[in-house]
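These notebook entries record what I looked up in one structure.

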Amino acid sequence: MSTLCWTLAVPGLGWAAVRVGGLERGPLVQLLAFTPYVAAWTLVPLGLALAARRWWAAGVAAVAAITLIGLVVPRALPEGRPTADGTPLRVLTANLLAGAAEPETLVALVRSARVDLLALQEFTPDSELALARLGLAELLPHRQVNPEVGTTGSALYSRYPLSQTGTRRNGGGFSQAYGTIQPAGGPTVLVESVHPMAPATLAWLADWRADLRAQPPATPDGPLRILAGDFNATLDHAPLRDLLDTGYVDAADAVGAGLTGTWGPYDGDPLPPVTIDHVLVDRRIAVDRVTVSRLPGSDHRPVLAELTLPTG
């Protein structure tokens, strides 16, 4: 029994050490996305060791459980957030899975949610045509688009005029549309549709890390910024936490929706959902609500963040 208790307890402690230290390398990058599930599992070796009265093993299991659960549970709890009485802004991000996502569902969501800013990834020429045919341009008349066949395209659609627009190419190959909006009576906001390389294989990890590090940092003493998209990273990945530390808040985390899965299962594989699609907002922006919807044809779920911009 002692051997079993230790065999189950030690991996949890190792997982906690990797997560706390930001030590993910190699296959650990992919595995770390499932930290919320591992956090829940750590209660099993703890309960077993306590029942068997293996106190040292129970102590190790308790350290792992307290650490991982302490890191994960706050995502399900609303945080204190800044109050704002300025302009409301509804931001929706969706990965279209190389254009396979159902455009009717997406346009219906934009219409029903009264979306002001739409960020799209894996945006293709066929997607552009289908969305135009369904009236997206009437709902969101301003756009910066870079349709490409496959998974590398990007787009921004906006209710408000877009200025200082462009598209940049990540080292991993995905493009990112960006621009600046200024809602009537509101402040200027820099916005970008984010899509770094996925850590799908070990050969892509360097690009994944470099693409995340290349994302625009927040400017706490400058203009407001919003990054919305498929980050291919969860809040358990150190590069994303480093980006947040520049002055962003994860919108879902701020309102207690940070454990809602947005990707998976993929290609029929029985992978539990993980949270890799995010809306990151400047800490001066109030987050009122975040909802995750279904988009047939895509392996991702759209994320809608309802925000309030500060005045001035």
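**Entry 1. The cavity**

I asked which element gives the largest share of the lining of the largest cavity. I found that β10 does, with 3 residues. I took helices (H or I, at least four residues) and strands (E, at least two) as DSSP runs, numbered from the N terminus. The model is predicted, and local features need pLDDT of at least 70, side-chain atom pairs count only at pLDDT 80 or more, and totals for chains, interfaces and linings use all residues. Residues are numbered from 1 along each chain as its sequence is written, and side-chain values use heavy atoms, with hydrogens and water left out.

Lining residues have an atom within 4 Å of a point. Grid points are joined across faces, edges and corners, and a volume is the space filled by probe spheres set on the points.

I found 1 cavity of 30 Å³ or more in the structure. The volume of the largest cavity is about 50 Å³. It is lined by 13 residues, of which Ala252, Thr275, Asp277, Val290 and Val303 are the closest to its centre. At least two lining residues come from each of α11 (251–254), β10 (277–282) and β11 (286–292). By class, I recorded 7 nonpolar, 4 polar and 2 charged residues in this lining. Here Ala, Val, Leu, Ile, Met, Phe, Trp, Tyr, Cys and Pro count as nonpolar, Asp, Glu, Lys and Arg as charged, and the others, Gly among them, as polar.

I next looked up the largest pocket, whose volume is about 600 Å³. Of its 26 lining residues, Ala198, Pro199, Ala200, Asn232 and Trp263 are the closest to its centre. I recorded 15 nonpolar, 7 polar and 4 charged residues in its lining.

The second largest pocket holds about 250 Å³ of space. It has 14 lining residues, and the closest to its centre are Glu79, Leu235, Arg241, Leu244 and Asp253. I noted that α10 (238–244) and β9 (248–250) each supply at least two residues of this lining, and that β9 gives the most, with 3 residues. The classes in the lining of the second largest pocket are 6 nonpolar, no polar and 8 charged.

**Entry 2. Helix α6**

I asked which residues of helix α6 (residues 103–112) are buried. They are Pro103, Leu106, Val107, Leu109 and Val110; buried means under 20% relative accessible area, exposed over 50%, and partly exposed in between (1.4 Å probe, protein chains only). Seen down the axis of α6, these buried residues fall within an arc of 155 degrees, so they line one face of the helix. The arc is that of the directions from the helix axis to the C-beta atoms. The buried residues of α6 pack against β1 (88–95), β2 (117–121), α7 (125–133) and α8 (136–139).

**Entry 3. The whole protein**

I counted 11 helices and 12 strands. The radius of gyration is 20 Å, close to the 20 Å that the globule rule gives for 312 residues, so the protein is as compact as a globular protein of that length. The radius is taken over C-alpha atoms, and the rule is 2.2 Å times the number of residues to the power 0.38. The C-alpha trace spans about 65 × 40 × 35 Å along its principal axes. Of the 312 residues, 53% count as buried.

Most residues other than glycine have a negative phi. I therefore looked up Leu97, whose phi is positive, near 50 degrees, and which, at 27% relative accessibility, counts as partly exposed. Leu97 is placed in the loop between β1 and α6.

Arg114 lies in the loop between α6 and β2. Arg114 has a positive phi of about 50 degrees although it is not a glycine, and at 51% relative accessibility it counts as exposed.

Arg168 is in strand β5 (residues 162–169) and is partly exposed, with a relative accessible area of 22%. Leaving aside neighbours within four places in sequence, I found Arg168 in contact (heavy atoms within 4.5 Å) with residues including Phe174, Tyr178, Glu192 and Pro216.

Technical notes
1 Å grid on protein atoms, 1.4 Å probe; cavity = no way out; pocket = protein on both sides within 12 Å on 5 of 7 lines; lining within 4 Å.
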